[in-house]
Amino acid sequence: GGQLGVGASPPITPSVELELNLYTGNSEDVGYTILTNGLTGANGGNGNYYSLGNVQINSGDPINVAVSYANQQMALAFTDAVAQTSFATNLNVGDLAQALGTNIAYVGFTGADGGASSIQTIGNFAFVSIPPAAIQSDGTNVLISWTGAAPGYMLQQNTDLLAASWVNVTNQSILSNGLNQLTMPENGSNLFYRLVLPSP
């Protein structure tokens, strides 16, 4: 189980791994870590695994895991659906495209049990790539657009980029030539816009 299906010879490379360890033998800690190119935290050789606080990922309970990545930061959130415990953290993981040598990559799961009895079931998996948005002047209006290949996003606005008071834009976007497009009037004051994907 020490290789988690990514290490040994030959390792999966180039690769970036969010590793979840359930095994406590060989002085290993139950927990998580982020490593690259098939390295693991087994035996403490690469820093071992970090605690998930109150969330026990080896409890047998369903654990909801949310991973978000942007601007070299990875946000992790773990929730035990039975015990109702949760853990969240933010990690500076660097530029994933640089680590992988490309801006295109596979996303998947791998694992190992080291001969011990274990079952991990992956369910409700969803991967969403955050689309870029564009804004341009259009007479007395501004036209905001983003790809139509990424459905479900909502546009929000805020007068202060650093404030937490983002509100949903009430105008409806129109799908045209493969782009979601939304027209907003220019009003002479600063407004910031962002795309968000509502939680299910």
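## A buried asparagine

N21 is buried, with a relative accessible area of 2%. The cut-off for that label is under 20%. This is a predicted model. N21 belongs to strand β1, which covers residues 16-21.

One of its polar atoms lies 2.9 Å from the backbone oxygen of D29.

## The four-stranded sheet

Four strands make up an open sheet, in the order β6-β7-β11-β10. The pairing is antiparallel. Strands β6 (133-138) and β10 (174-176) stand at the edges. Each has a single partner strand, so one side of each is left without a neighbour in the sheet. On average, and with direction ignored, neighbouring strands here are turned by 30 degrees against each other.

Look at the pairing of β6 with β7. Strand β7 spans residues 141-147. Six bridges join β6 to β7, and the two run antiparallel. Within this pairing, I135 stands opposite I144 of β7.

## The three-stranded sheet

Another open sheet has three strands, ordered β3-β4-β5. Its pairing is antiparallel. The edge strands are β3 (63-70) and β5 (86-92), and each pairs on one side only. Neighbouring strands of this sheet are turned by 10 degrees against each other on average, direction ignored.

Strand β4 takes in residues 73-80. It pairs with β3 over eight bridges, in the antiparallel sense.

## A nonpolar surface patch

Which residues form a nonpolar patch on the surface? They are V107, F109, I122, F125 and F127. Together they have about 560 Å² of accessible area.

F109 sits in the loop between α1 (96-100) and β6. Is F109 buried or exposed? Its relative accessible area is 52%, so F109 counts as exposed. The threshold for exposed is over 50%.

V167 lies in strand β9, residues 167-168. With a relative accessibility of 43%, V167 counts as partly exposed. That class falls between the buried limit of 20% and the exposed limit of 50%.

V167 can also be placed against Y193. The two are 26 residues apart along the chain. Their C-alpha atoms are separated by 9.6 Å.

How values were computed. Residues numbered from 1 in each chain as written. Predicted model: local features only at pLDDT ≥ 70, side-chain atom pairs only at ≥ 80, totals over all residues. Heavy atoms only, no water. Pairing = 2+ DSSP bridges. Axes fitted to C-alpha atoms, helices over the stretch in contact; angles between N-to-C directions. Patch = residues over 30% accessible without salt bridge, like charges linked within 9 Å, V, L, I, M, F, W, Y side chains within 5 Å. Areas by Shrake-Rupley, 256 points an atom, 1.4 Å probe, with all protein chains shown as cover. Salt bridge = Lys/Arg side-chain N within 4 Å of Asp/Glu carboxyl O. Buried < 20%, exposed > 50% of the residue type's maximum accessible area, 1.4 Å probe, protein only. Polar contact = N/O pair within 3.5 Å; in protein donor to acceptor, adjacent residues only side chain to side chain.
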